[in-house]
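Please look over the protein model shown here and keep it in view while reading.

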Amino acid sequence: MELFQAKDEYILQSGDRALWCSRKDGSMAVRPATDLLLAWNPVCMGLVEGVIGKIQLHTDLPLGLVLIRQKALVGQLPGNHQVYKITKIAVIPLSDEEPQELELELCKKHHFGIDKPEKLAQSPDESKFLMKTLSQIKSNVSVPIKKKYSPAFQVKENKEKERLERRLLDELYKIFMDSDSFYYSMTYDLTNSVQRQGDAEKSSLPLWKQVDDRFFWNKHMIQDLIDLQVPEVDFWVIPIIQGFVQVEELVVNYNETSDEERSSPETPPKEIICVDDIHPRFTVALISRRSRHRAAVKCRISYI
């Protein structure tokens with residue numbers, strides 16, 4: 001999906017769907033993709049894989065929109081359900097400040113022949129209007145305004161806030177990139193065992209409404225989107241688990257001799273038969289997940 005930066009919003013667009021996130025207050029809205037024409041000077045920043053949610057790292061810092069920047073395929077379950085691991089994220093401050101270099105994959109549709117996405121710039125008309133307004137304010141002010149803090153204090157305070165933000169962001173990046181413990185699937189419920197997924201009443205619901213609330217790791221981060229209570233949010237809500245997922249193919253070779261038979265001189269060597277032809281194959285999935293309510297780990301093993 002494509003990520004656009006506009007004057008007042010960040011806009012995620014996938015096909016005919018769009019998710020708008022305000023840079024003023026962090027409010028979210030689901031809108032048709034054609035509404036992109038109504039945004040002020042939207043600029044495509046690149047491609048992302050999905051939305052994790054919003055987070056405020058500190059009371060002195062603005063809300064941040066957390067996005068899946070890069071994923072890795074862990075395996076495929078029967079029914080063509082693909083499971084992914086989050087390998088990289090991007091955090092965008094929901095404020096008027098310009099975001100740092102996000103290193104997103106460039107969109108071929110909007111960045112054809114361009115190495116890096118262009119920064120959002122003010123229009124010439126808007127710049128002229130602001131300069132004119134500032135000139136009028138200066139000419140009308142007769143009494144000098146006393147500053148509450150000295151310039152040196154403000155510079156020091158800004159630098160401390162920047163260091164705090166950098167440190168907290170680094171810790172957030174490490175949680176996702178160094179732990180290798182965040183997984184998701186767009187079509188398969190990773191929070192429930194195979195036995196629990198047999199409930200026919202839940203099978204008709206959207207995926208995020210079928211999951212076990214205990215293991216819906218990013219539910220609090222995406223709650224504002226859920227609270228919209230419109231069907232269009234189903235596409236954007238991705239249930240993420242913290243834990244471990246491994247999917248392997250197991251081949252059972254019944255003709256394989258034991259260690260004792262191989263070591264016996266009386267046992268003649270058997271002809272090697274290709275296991276692909278006659279031996280059954282099984283997909284084995286191991287899924288462990290951590291409850292978002294406490295530090296204990298709840299493990300489930302699914303044999304598929």
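Among contacts in the protein chain between residues at least 6 apart in sequence, what percentage join residues at least 24 apart? The share is 60%, where contact means heavy atoms within 4.5 Å. This is a predicted model, in which local features need pLDDT of at least 70 and side-chain atom pairs count only at pLDDT 80 or more, while totals for chains, interfaces and linings use all residues. Residues are numbered from 1 along each chain as its sequence is written, and side-chain values use heavy atoms, with hydrogens and water left out.

The protein chain contains 7 helices and 12 strands. These are DSSP runs numbered from the N terminus, helices being H or I with at least four residues and strands E with at least two. The chain has 304 residues, and 34% of them count as buried. Buried stands for under 20% relative accessible area, exposed for over 50%, and partly exposed for what lies in between, with a 1.4 Å probe and protein chains only.

In soluble globular proteins, nonpolar side chains tend to be buried together. A nonpolar core is a set of buried Ala, Val, Leu, Ile, Met, Phe, Trp, Tyr and Cys residues joined through side-chain atoms within 4.5 Å. The largest one here has 25 residues, and L3, L12, V51, L67, L225 and V237 have the most contacts inside it. Two or more residues of this core come from each of β2 (9-14), β3 (17-22), β7, β8 and α5 (223-226). Apart from this core lies another, of 15 residues, including I86, I89, L172 and Y184.

On a 1 Å grid over the protein atoms alone, a cavity is a set of points where a 1.4 Å probe fits but cannot get out; a pocket is an open set with protein on both sides within 12 Å along at least five of seven lines, and lining residues have an atom within 4 Å of a point. A volume is the space filled by probe spheres set on the points, which are joined across faces, edges and corners. The largest pocket holds about 660 Å³ of space. Its lining has 29 residues, with P93, E97, Q100, E165 and L169 nearest the centre. The helix α2 gives the largest share of that lining, 9 residues.

The whole structure has 1 cavity of 30 Å³ or more, and the largest cavity has a volume of about 40 Å³. Among the residues lining this cavity are Y184, L207, P239 and I241.

Some single residues remain. Q100 sits in the loop between β8 and α1 (124-140). Is Q100 buried or exposed? Q100 is exposed, because its relative accessible area is 56%. By contrast, N218, in the loop between α4 (207-210) and α5, is buried, with a relative accessible area of 0%.

Most residues other than glycine have a negative phi. N80 has a positive phi, near 60°, and lies in the loop between β7 and β8. D180 also has a positive phi, near 50°, and lies in the loop between α2 and β9 (182-184).
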